[in-house]
Amino acid sequence: MRKLEGKNVVITGCNRGIGKAILEKCVANGANVWACMRTMGDDIKSEFEELEKKHGVWIKCVKIDFREEESIKKAVKTIMSEKKKVDVLINNAGMPYSGLLAMTPMADLREVMEVNFIAPLQMIQGLSRLMVKQKEGNIINIASIGGIETREGFLAYGSSKAALIWATKSISKELGHHNIRVNGVAPGLIETRMGIDIHTDKQIEETVDLSTMKRLGMPEEIADAVVFLASKESSFITGQVIPVDGGR
């Protein structure tokens, strides 16, 4: 049984890493997808076409720049213009950043907050209006364990994800009476280019040592948690942020 059969899902940042794994798991479970991405080469389009044929779904690429408000507005308008139901919004797109406060330009801090916090809120603001009209919906934000734990050198990234966690819980209260659930997933250190590139070998080793399971996570393990939250199996869960971190 496919858990998301016939559902229409919006996923941001799904051309690689966790986002791509989420898209693959969603379509394998019967979901149609609007794939919102900043870059979309012929290779990813070809992969999506193969997934469409394999799983009998549609995948529509929507170009979007999460640093620009007008680009996000245009993407939301494009999705809504199709007059289709939007069952699930998955805010996955984000940018990594590491550096001590003393070495962090304010322009960089603003950019991280814009992409990791403001852009997801703008997606929610736009698409939740449709969900309210539908009288149902499901929003899932990909946060980070870095927004829960504090660690020197990750002020910009951790603060942006902590803000997203707070917003997830707050928005769940605003939208709950419209039958719209809002939850989050907080990945630990995952074996992706984004996750590995901003950590030194020593930091990765220390993180693995902190983990009960003594290993890095895989993108597919985050995607499994997302599919659970997107499905009816989690129908009485809202306002929660689930750590998927191997027991840190």
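The model is predicted: local features need pLDDT of at least 70, side-chain atom pairs count only at pLDDT 80 or more, and totals for chains, interfaces and linings use all residues. Residues are numbered from 1 along each chain as its sequence is written, and side-chain values use heavy atoms, with hydrogens and water left out.

## Pockets

A pocket is an open set of points on a 1 Å grid over the protein atoms alone, where a 1.4 Å probe fits and protein lies on both sides within 12 Å along at least five of seven lines. Lining residues have an atom within 4 Å of a point. A volume is the space filled by probe spheres set on the points, which are joined across faces, edges and corners.

Residue classes are as follows: Ala, Val, Leu, Ile, Met, Phe, Trp, Tyr, Cys and Pro are nonpolar, Asp, Glu, Lys and Arg are charged, and the others, Gly among them, are polar.

| Pocket | Volume | Lining by class |
|---|---|---|
| Largest pocket | About 1,200 Å³ | 20 nonpolar, 18 polar and 9 charged residues |
| Second largest pocket | About 270 Å³ | 2 nonpolar, 5 polar and 6 charged residues |

The largest pocket has 47 lining residues. Closest to its centre are Gly-94, Met-95, Pro-96, Tyr-157 and Met-194. Helices (DSSP runs of H or I, at least four residues) and strands (runs of E, at least two) are numbered from the N terminus. α1 (17-28), α5 (155-175) and α6 (193-197) each supply at least two residues of this lining. α5 gives the most, with 6 residues.

The second largest pocket is lined by 13 residues. Lys-7, Glu-136, Gly-137, Asn-138 and Arg-181 are the closest to its centre.

Buried means under 20% relative accessible area, exposed over 50%, and partly exposed in between, with a 1.4 Å probe and protein chains only. Contact means heavy atoms within 4.5 Å. The contacts below leave aside neighbours within four places in sequence.

Asn-116 is found in helix α4 (residues 106-134). Its relative accessible area is 1%, so Asn-116 is buried. It is in contact with Gly-94, Met-95, Tyr-157, Ser-160, Lys-161 and Leu-164. The side chains of Asn-116 and Ser-160 make a polar contact at 3.1 Å. Such a contact is a pair of N or O atoms within 3.5 Å; within protein, one must be able to donate a hydrogen and the other to accept it, and residues adjacent in sequence count only if both atoms are side-chain atoms.

Ser-231 sits in the loop between α8 (219-230) and β7 (241-244). It is buried, at 4% relative accessible area. Ser-231 touches Lys-3, Leu-4 and Arg-181.

Ile-142 belongs to strand β5 (residues 137-142). It counts as buried because its relative accessibility is 4%. Its contacts include Ile-22, Ile-90, Val-185 and Val-226. Ile-142 and Pro-243 are 101 residues apart in sequence, and 10 Å apart in space, C-alpha to C-alpha.

## Nonpolar cores

A nonpolar core is a set of buried Ala, Val, Leu, Ile, Met, Phe, Trp, Tyr and Cys residues joined through side-chain atoms within 4.5 Å. The largest has 34 residues, of which Val-10, Ile-79, Leu-89, Met-123 and Ile-139 touch the most other members. β2 (32-37), α3 (69-81), α4, α5 and β6 (180-187) give two or more residues to this core. α4 provides the largest share, 9 residues.

Beyond four places in sequence, Leu-89 touches residues including Val-10, Met-123, Leu-127 and Ile-139. A second, separate core of 33 residues includes Ile-18, Ala-35, Val-57 and Ala-223.
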